[in-house]
Amino acid sequence: MSYKVLIIEDEALVARELKARLTNMGYDVCGVAYGRDGIELAREVIPDILLTDIHLKDGEDGIAVAEEIQRHLNLPVVFLTAYSDEETVSRAKSVTPYGYIIKPVENRELQIVLEMALYKHNIEQELKQTRDLLQTALQCIGNSVVFVDRDGQVVDMNDDARELLDAEGEGRPWYELFGIDPASSIGEKISRAQADAQITKLAPFIVQTSGGSRLVDGIVGPREAGAVLIIRELSDLRDPLEPIPRPDEERLTPSESSLCLMMVGVDGNDHAVSQAQMLLHQRLRSTDLVSPHGRRELAVSMPYTQLAEGRPIADSILAALKEQDSEVVFSVGLASAMPNEQQPFELFRRAARALELSRDTGGGRVVVFNDDGESVDSIPALSSDRERAYHNVVLLWNVMNLVVNTRDRQTLSERVSEHVLNSFGFECVAVLEQRGDAVMSIGGVQGPEANLIDSVADLHLNERDFVAINELMASENGNVQIDDRCIFRAGSSLLVFIVSSWAPDPEQREFLQTLLNYAAPGLVASSNGGERDQRVDERQIIYRSPRMKSILDSVELVAPTEATVLIVGESGTGKESIARRIHELSPRASKPFTIVDCGAVVSSLVESELFGHVRGAFTGADRDFPGRLKEADGGTVLLDEVGELPLDVQVKLLRFVQDQQFVPVGGRGYERVDTRIVAATNRDLEAAVREGSFREDLFYRLNVFAINVPPLRDREGDLVLLARHFLARYAAQYGKQIVGFTAEAEAALLEQPWLGNIRELMNIVNRAVILCRDDRISNIHLGLFPNPDTAAEVSEGKVERLGRWVNEWVGRALELPQPPPLAQWLEEDLIEMTMVEQGDVLNRAARQLQVPESTLRRRVARLRESQRDAERSPAAETVGRAMSDLFALAAEEGHSALTVVETLILRNLEQRHVSRQTAAEVMGVSLPTYRKLVSETP
């Protein structure tokens with residue numbers, strides 16, 4: 001291929017000489033310009049590379065010219081100049097040039113610089129395309145996954161795919177499962193990607209299910225024996241797609257006509273867009289439909305029009321637009337759908353792609369979509385580079401498949417390590433975890449046979465390795481290389497240790513870092529039983545009430561044991577979070593935590609879900625399935641809504657709870673697994689036993705240790721705390737600066753019965769944060785309105801309640817032989833509770849306390865470094881009950897909550913007429929400081 005070079009050089013002799021040299025080297029010199037005329041010339045000829053002088057005639061700046069060209073064309077720039085001073089080089093860097101040649105120029109130097117510029121630019125474009133492709137794949141991870149064999153038959157699919165497609169697909173062709181025509185454009189694209197073993201992005205298309213139409217997009221990629229399709233649902237299409245109407249109101253079926261879609265880009269203001277839309281209405285046929293597609297784009301649907309007819313229409317429209325407004329740049333993209341194609345979203349994608357190409361090449365032209373041209377690179381890389389890039393993409397693809405399908409962290413670590421070791425020829429790859437000063441092995445492989453690593457001792461780490469690990473984990477760096485060892489960060493506590501007889505180059509290390517960054521969330525999530533879709537802070541247990549404290553104390557007692565636990569409570573009270581806490585505090589924490597929703601599984605399949613089945617056990621059982629109890633071997637299974645289990649399944653569960661044995665559906669022998677059972681229900685199981693719907697013997701087996709989770713309305717002091725926690729989380733998620741609730745909003749929250757408990761509260765706060773445009777959420781945002789009389793009582797009683805509590809605290813402190821520093825204790829408790837409430841995020845806590853972040857940072861550091869007094873005053877424990885009032889009063893008075901505490905105690909001490917020395921001790925300050933505080937307090 002002959003690359004096109006555009007030369008911008010103000011000296012005619014130099015320009016002619018350069019043209020002759022480049023032509024002899026095999027380049028196509030597509031144009032020579034002498035100044036700013038090169039900008040328009042570049043738009044016309046569309047070169048592959050720009051070679052320009054920096055200092056042009058009449059004082060024109062070659063750097064500015066290059067910047068203008070790069071705004072319209074994505075191409076590499078090489079500067080040619082006789083000046084090499086620091087200022088010139090510095091200015092040239094602003095364009096990010098791919099080369100810099102000092103005159104006079106030798107042929108060899110010129111050739112090398114141009115070849116390297118073209119090569120580097122192409123590599124960057126390939127990497128960008130790869131990143132875009134992988135980004136789409138990652139967005140699809142965790143959604144519907146369908147595996148097909150070489151013949152296009154579906155061999156497996158996950159639950160999300162079954163739910164989306166509303167069907168079992170095993171043994172059927174993929175196109176039949178999706179309800180699409182294999183000869184359509186999207187069908188051919190999937191088939192082509194499968195045949196070529198290429199990773200391909202799928203534009204939005206429609207799948208037909210028994211429940212209606214679904215709009216999806218996704219990725220199709222290779223497997224060892226077939227392909228995998230990761231599909232992401234974009235939206236529900238509640239109404240079927242209608243064909244385009246004829247002028248006489250008859251319906252036009254897709255087989256009757258072709259359709260052209262023209263996209264018009266207007267690089268001007270709103271007035272220019274309106275004028276363009278008016279011109280289109282005047283010039284086009286009555287059957288053509290003009291509609292806004294974006295702020296600066298118009299879409300024109302032209303039925304009964306083939307591409308050969310649509311092109312002259314597009315050319316005439318562009319000419320008319322230019323004539324109407326010569327100062328605005330118009331761009332046109334054109335695409336067509338042939339008869340029998342029923343993918344309008346694919347047609348819009350094609351036209352939008354053509355419009356994008358028109359704009360990228362300077363505008364003012366019509367670009368027709370060419371399906372073949374979409375995959376043609378303007379500058380092909382060397383075959384070895386393409387092979388390496390493809391190798392990396394396939395490796396990353398395989399790792400992402402592992403993340404989707406592997407729940408056990410050890411297995412995932414071993415499989416990822418095996419892929420990396422085999423792909424790069426390393427000697428050893430292991431995933432490690434740092435816990436305090438200790439380093440533990442999660443899983444890994446070593447040697448040419450990829451033997452599994454049993455423990456960190458197999459790695460033979462030396463003192464230098466441990467120092468490097470500690471320094472890396474304490475730094476912001478991504479990886480470090482020491483001799484034959486590379487260490488990569490893969491999260492806050494995870495790292496990957498690699499031993500190699502050769503040193504990976506910087507590009508390979510960068511790719512490995514990217515690969516491990518993608519794998520890290522899966523490694524973290526798989527330690528929690530594969531629940532990757534939940535946020536960590538959604539599992540956090542936020543509380544202040546004595547009742548919840550008592551429950552969590554019980555959790556800490558039962559967690560290390562092997563006792564079966566029964567968690568009882570209304571829906572939405574956080575039973576799953578309690579079960580997860582039991583698992584995390586148990587010796588089984590590193591093993592899977594699996595949830596089985598007994599009420600959500602069809603009664604005929606729940607036995608197979610729990611105990612597994614053998615191939616052929618029932619219709620559709622074309623392979624063995626281990627069951628959730630076996631999958632969680634060594635870990636914990638939460639049987640959510642256990643009261644919904646059928647009686648025949650209760651019998652098998654009773655046997656398993658008794659002796660850890662079960663028989664799979666269709667199996668002949670017992671299997672034993674070591675899985676702990678935690679059950680949860682919102683039903684009264686004792687009443688169910690009396691009714692005969694739940695076995696009495698199973699009830700007593702499950703009820704070894706019972707935990708009753710209270711409804712939200714019975715958790716005194718927790719409601720507002722939880723609401724603030726959800727507010728902070730959603731405000732951060734949506735990037736909003738919301739600092740709290742108004743007094744009326746908190747009063748409205750306190751009045752609600754909250755029959756949906758924490759789940760209902762979380763949804764209402766989420767909606768309120770979305771609606772709120774102020775710095776505080778009001779009852780209008782919540783959609784809740786308090787009783788006026790109750791709201792008045794809350795507002796009027798706030799100061800009185802705080803006064804009564806402070807009086808109680810000070811009274812108890814003065815009763816002790818040695819008065820404690822009560823004010824200091826209360827302020828410390830308030831700081832600690834605020835940090836917990838705000839997820840230990842310092843700036844949020846500082847904003848809530850209304851103190852400078854630097855001040856709070858120092859106080860928190862001193863607080864955590866010091867030894868807290870073991871004998872705390874019982875009065876200090878009640879600070880949690882007053883937090884809501886403290887913050888509300890602080891907001892009203894415009895002071896910090898810490899200042900409010902100090903002022904209330906100071907005033908109470910002054911009213912008691914105790915000695916100044918005693919009062920200073922209660923305040924936790926010296927006598928002079930106390931006198932100063934009294935003089936400054938109004």
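## Helix H23

In this predicted model, helix H23 covers residues 718-734, which makes 17 residues. From the first C-alpha to the last, H23 reaches 24 Å, close to the 24 Å expected at 1.5 Å a residue. Gly735 follows H23 and has a positive phi, near 65°.

How many of the 17 residues of H23 are buried? The count is 14, so H23 is largely enclosed by the rest of the structure.

## Helices H32 and H33

Helix H32 (residues 897-912) and helix H33 (residues 916-923) cross at roughly 160°, and their axes come within 11 Å. Angles over 145 degrees count as roughly antiparallel, and H32 and H33 are therefore roughly antiparallel to each other. Their crossing is right-handed.

On the H32 side, the contact is made by Glu902, Ile905, Leu906, Leu909 and Glu910. These meet Arg916, Ala919, Val922 and Met923 in H33. Sorted by class, the residues of this contact are six nonpolar and three charged, with no polar ones.

## Helices H16 and H17

H16 contributes Met548, Ile551, Leu552 and Val555 to the contact, while H17 contributes Ile578, Arg581 and Ile582. Six of the contact residues are nonpolar, one is charged and none is polar.

## Asp465 in helix H14

Asp465 is located in helix H14, which spans residues 463-474. Is Asp465 buried or exposed? Its relative accessible area is 3%; the cut-off for a buried residue is under 20%, so Asp465 is buried.

Residues up to four places away in sequence aside, Asp465 touches His460, Arg485, Ile487 and Phe497.

## Ser144 in strand E6

Ser144 belongs to strand E6, residues 144-148. With a relative accessible area of 6%, Ser144 is buried as well.

Which residues is Ser144 in contact with, leaving aside its neighbours within four places in sequence? They are Asn158, Asp160, Ala161, Leu164, Leu229, Ile230 and Ile231. Between Ser144 and Gly218 the separation is 74 residues in sequence, and in space their C-alpha atoms are 9.3 Å apart.

Definitions and conventions
Residues are numbered from 1 along each chain as its sequence is written. This is a predicted model: local features need pLDDT of at least 70, side-chain atom pairs count only at pLDDT 80 or more; totals for chains, interfaces and linings use all residues. Side-chain values use heavy atoms; hydrogens and water are left out. Contact means heavy atoms within 4.5 Å. Helices (H or I, at least four residues) and strands (E, at least two) are DSSP runs, numbered from the N terminus. Ala, Val, Leu, Ile, Met, Phe, Trp, Tyr, Cys and Pro count as nonpolar, Asp, Glu, Lys and Arg as charged, and the others, Gly among them, as polar. The expected span of a helix is 1.5 Å times one less than its number of residues. Buried means under 20% relative accessible area, exposed over 50%, partly exposed in between (1.4 Å probe, protein chains only). Axes are lines fitted to C-alpha atoms, for helices over the stretch in contact, and angles run from 0 to 180 degrees between N-to-C directions. Angles under 35 degrees count as roughly parallel, over 145 as roughly antiparallel, 65 to 115 as roughly perpendicular and the rest as oblique. A crossing is left-handed if the near helix is turned anticlockwise from the far one by less than a right angle, and right-handed if clockwise.
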